[in-house]
Amino acid sequence: MSLGSLMELLGKMGRWPLLTRHNKPSDVDLILEAPKPTGSFSLLWQHLVVERKRTYVTWWVAGYLVASIAIRLSVAFVGLAFNLNEIPGSKYPAAVTNWAAEDRGIRVPVGYQDGLEWEEVAENIAIVSNWAATGLLMIPTPLQGAEVNLTGVGVPKGLSRNVLGTAVEYVYEPREYRGNEAVIGKDGKLQSLGVCTGKAIVNNTVYSEGVKNGTFTEDYKDLYKIVESYGPNIKEDTILWTTLTDGTNFLKPSLCLTTHILSVGHVNKTDGTIDRCKTCLNGFIYECNTCITGLGVDSEIGAKSLPRDYLPYLANALLMLGSYTSNRPTTGFTSERHIAGLQSVFSIDMPNLFFSCNSNQATNVPPEAELQASQFVARVPALALAGAELRLAKEPKNPNEGIEEYVENKLDVQWTRAISISGVMLVTQLIAILFTMWMCKETLLRDHQGVLSMARLMKTMTERLGGRSVAWSEELAKVWETKMVIYGTRKVADAPGDVYEVDLWDDVVAKFPEGDYR
């Protein structure tokens, strides 16, 4: 549009030098309309076809019409700066994790509704232990800074942590897969909430908030029995995570579980063990409650590959996971007195975490230590699911969906061409402007738009040549056919000094001298 407006403006300027030549009134009418492409075409038709004549005006209007059309169409050359590339692609159907994958997935035993056997429970716990180890290694969730919320951890960012007072909640949103792309799915989320309360052990005496709460060997016999069963393996900075139960709840579905963490701070024996000194133990006891939401019988997580009523069994296996490090945790079952259920024991130095007892044998458990313990138990189920999605095979979410082939059209800009084309267009416009200015340099340019100004200019011609007031242009052209007029100036005879007036008639001169005009 801007190029069209520019050419029309230059055409309106260029018509005045054309009118300084002798023209018939019919040609004057055509010249005044020439700035429009239709007006130029009408003039050329009249000259070349009807009258079969060729004048300076004919060639000028022909050149203007060609230039006007070319410059208007030059915008199309901008298209040469783009390449339209057709990029084939494939839209893959949504896939989800196959939680029952043959090599690393959950096993669903026949008749599980009547309860599981211990071997079946142990098998599933070993499977989810591998999941958890992968999640811990691949997704950073350090215990330091446990009081800080986390949002959008992992790829895609489906893991988050919320600190709720002394409780910690982990939320994991399972993924959907389309080809090699993973996105957050729409089939619900798993929430794992853990809260721990701590007690201190100082030389076998147990303190709760600084108040004596019995002795470890007598009042916490269940825990001590488990510690005693490991004998020399319990040393300083040993961590033991266990469940006190008669074992029956392991064989049933559950969404909550109470576990205990015992951390040995230091042992007052030269050999560093407690098997010969029951009163030398120092450390912390944490009683932790962990609950899972999102794996009930109405859950969408895992429902594609596992029976819905088996999902709580999976939740139970996740809750029973022991602590894990870069080494695979050891699991076992102790039936002595039906006290110790699942045990997970490993020895590792973690002096900067909540497990270490203060050297001054403090009788209060710091709140930050309880918060770290809460995170320790809450993150396990969430990280296990995250690790499973990294390890397990995928299956179509909707078996009826197939791979959809498509072609994407993409415009590729060729900047060298674009700059070159823009430069040529700019130079062409400048040349057209300069040429028109040069052509009009000695001509008085009138109002380009006003009808009143044009009527005043034609006053003499219309009054002297006559014609009907309702006559069309063609009729007036026939009446005025023999008259030749010119656009120019005449000197006003009765005016003092050099006073001129502009007119369109046969007694004017095609010159526009300096002076006053009326």
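Predicted model: local features only at pLDDT ≥ 70, side-chain atom pairs only at ≥ 80, totals over all residues.
Residues are numbered from 1 along each chain as its sequence is written, and side-chain values use heavy atoms, with hydrogens and water left out.

You will find alanine 62 in helix H4 (residues 56–73); helices (H or I, at least four residues) and strands (E, at least two) are DSSP runs numbered from the N terminus. Leucine 44 sits 18 residues away along the chain, yet the two C-alpha atoms are separated by 7.0 Å.

## H3 against H4

Both residues belong to a helix pair. In H3, Pro37, Ser40, Phe41, Leu43, Leu44, His47 and Leu48 meet Val57, Thr58, Val61, Ala62, Tyr64, Leu65 and Arg72 in H4, where contact means heavy atoms within 4.5 Å. These residues divide into 10 nonpolar, three polar and one charged; Ala, Val, Leu, Ile, Met, Phe, Trp, Tyr, Cys and Pro count as nonpolar, Asp, Glu, Lys and Arg as charged, and the others, Gly among them, as polar.

The axes of H3 and H4 come within 10 Å and cross at roughly 145 degrees. Such axes are lines fitted to C-alpha atoms, for helices over the stretch in contact, with angles from 0 to 180 degrees between N-to-C directions.

## H2 against H3

For helix H2 (residues 25–33) and helix H3 (residues 37–50), the axes come within 7 Å and cross at roughly 150 degrees. H2 is therefore roughly antiparallel to H3, a label for angles over 145 degrees. Asp27, Leu30, Ile31 and Glu33 in H2 meet Gly39, Ser40, Ser42, Leu43, Gln46 and His47 in H3. By class, this contact has three nonpolar, five polar and two charged residues.

## Two nonpolar cores

The largest nonpolar core has 56 residues, and Trp131, Tyr286 and Leu318 have the most contacts inside it. A core here is a set of buried Ala, Val, Leu, Ile, Met, Phe, Trp, Tyr and Cys residues joined through side-chain atoms within 4.5 Å. Helix H9 (367–391) is among the elements that each supply at least two residues, and the largest share, 13 residues, comes from H9.

Apart from this core lies another, of 40 residues, including Ile31 and Leu65.

Terms used: Buried < 20%, exposed > 50% of the residue type's maximum accessible area, 1.4 Å probe, protein only. Parallel < 35°, antiparallel > 145°, perpendicular 65-115°, else oblique.
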